[in-house]
Amino acid sequence: MEKILKSIEVREQEMIGFLEQIVNIDSGEDNPEGNSQVAEIIGNALNKMGFAVEYLHFQDICTHVKAYKKGTGAKHVMIIGHLDTLFPKGTASKRPFTIKDEKAYGPGVLDMKGGITIALFALQALYDNDWNDKDITVFFCGDEEIAHPKTNAPELFELEARGKDAVFNMETASAGDAVLIGRKGNLCVEMMVTGISVHAGADMEKGANAILELAYKAIEVGKLTDFNRGLTFNVGTISGGIISNAVPDKATIKIDVRYLTEFDRVKAIESLNEIAASVYIPGTKTEIVNIEERFTPMEVTEDNKKLFEIVREQGEKIGFNIEAKVGGGSSDAGWTVRAGAPSLCAMGAMGEFNHTSREYIFVDSLVKRAKLLALSIDAV
């Protein structure tokens, strides 16, 4: 493996150049053309390695890229991630890829174009040194940041992951040299109160204030949070009413729910329905009008833990003290765990401040994490 590790080291500038190229193309929700362009750059790189590449185009939405290369052994590894960012079209021209004080900046440099770069160059180093020990599937979707509202990416992740011996998600690395053995699922729940609208001065006693009813309920929703079990409820938005001198007959809150297990997802919905069924202001009625599962939880499994041990052992060979953590955010690794595949998340670049203009990676993490991934693919 020394030759493979050396191959990664000597390609550092090439890695930086590739990362600069894809960071400087906006690939968010409002730029499907740029999204497709990044997918094709990735696909071309995989095609040169001998992968059979397929582009899944969703008109005016995004592009996924899926690739497969058969190996000589019996095991099958899958590498996943996303090529979109949260930033609007024009961001890359305003603050393009820049390196300063050994940190690289730019939209999506950390989340997660750095991870994509690491994956491609880890694979390139393996194949450059006559390695072809395993079947490899690569699947980078184009709409993770908006939770796949108009594509079947979750279904595809789950389908492709079935029967795999290992799945590595190239999401942002956690603090230090950690990788994630679990992540939370995510529900977006909308709760709506219907009341009775009347003039706030002349007829207030005949009304039923929907905002006031919802205020009581919002407090009860907040009380459901249980940090000890990783279950959180955040009332993120509230709306209702038209003018101050009318009793409002409509009010709505949107709730972000995070959970570590399918059991807690079910219990969370039950608890919210119980709150909806209660009445504080006579004459009001409350309904759960929408429940959207944005991401299923990446549950901590024994298979995930075993895969982590492989990665930890490979990390020791190159001076890393790899830790296993459970993340509060969500990712597409949830779908691969649901498919029964041993999965690890946060195998990508190291840095800080995802989803902000301060987002950066440590440039040297490109080589470090590519080495870790290459060793781990070989060791599975």
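Here is a short exchange about helix packing and nonpolar cores in this predicted model.

Visitor: What are the ground rules?
Guide: Local features need pLDDT of at least 70, side-chain atom pairs count only at pLDDT 80 or more, and totals for chains, interfaces and linings use all residues. Residues are numbered from 1 along each chain, and side-chain values use heavy atoms, without hydrogens and water.

Visitor: Why is H5 called oblique to H11?
Guide: The axes of H5 (residues 109-128) and H11 (residues 365-379) cross at roughly 55° and come within 8 Å. Under 35 degrees counts as roughly parallel, over 145 as roughly antiparallel, 65 to 115 as roughly perpendicular, and the rest as oblique. That makes H5 oblique to H11.

Visitor: Which residues of H5 make the contact with H11?
Guide: Gly-114, Ile-118, Ala-119, Ala-122, Leu-123 and Leu-126. Contact means heavy atoms within 4.5 Å.

Visitor: Why are H2 and H5 oblique to each other?
Guide: The axes of H2 (residues 12-23) and H5 cross at roughly 135°. H2 and H5 are therefore oblique to each other.

Visitor: What makes a nonpolar core?
Guide: Buried Ala, Val, Leu, Ile, Met, Phe, Trp, Tyr and Cys residues, joined through side-chain atoms within 4.5 Å. Buried means under 20% relative accessible area (1.4 Å probe, protein chains only). The largest such core has 64 residues, and Leu-123, Phe-168 and Ile-377 have the most contacts inside it. H5 gives the largest share of this core, 13 residues.

Visitor: Which residues is Leu-123 in contact with, leaving aside neighbours within four places in sequence?
Guide: Among them are Leu-46, Phe-51, Val-138 and Ile-377.

Key: Axes fitted to C-alpha atoms, helices over the stretch in contact; angles between N-to-C directions. Helix = DSSP H or I, 4+ residues; strand = E, 2+ residues; numbered from the N terminus. Buried < 20%, exposed > 50% of the residue type's maximum accessible area, 1.4 Å probe, protein only.
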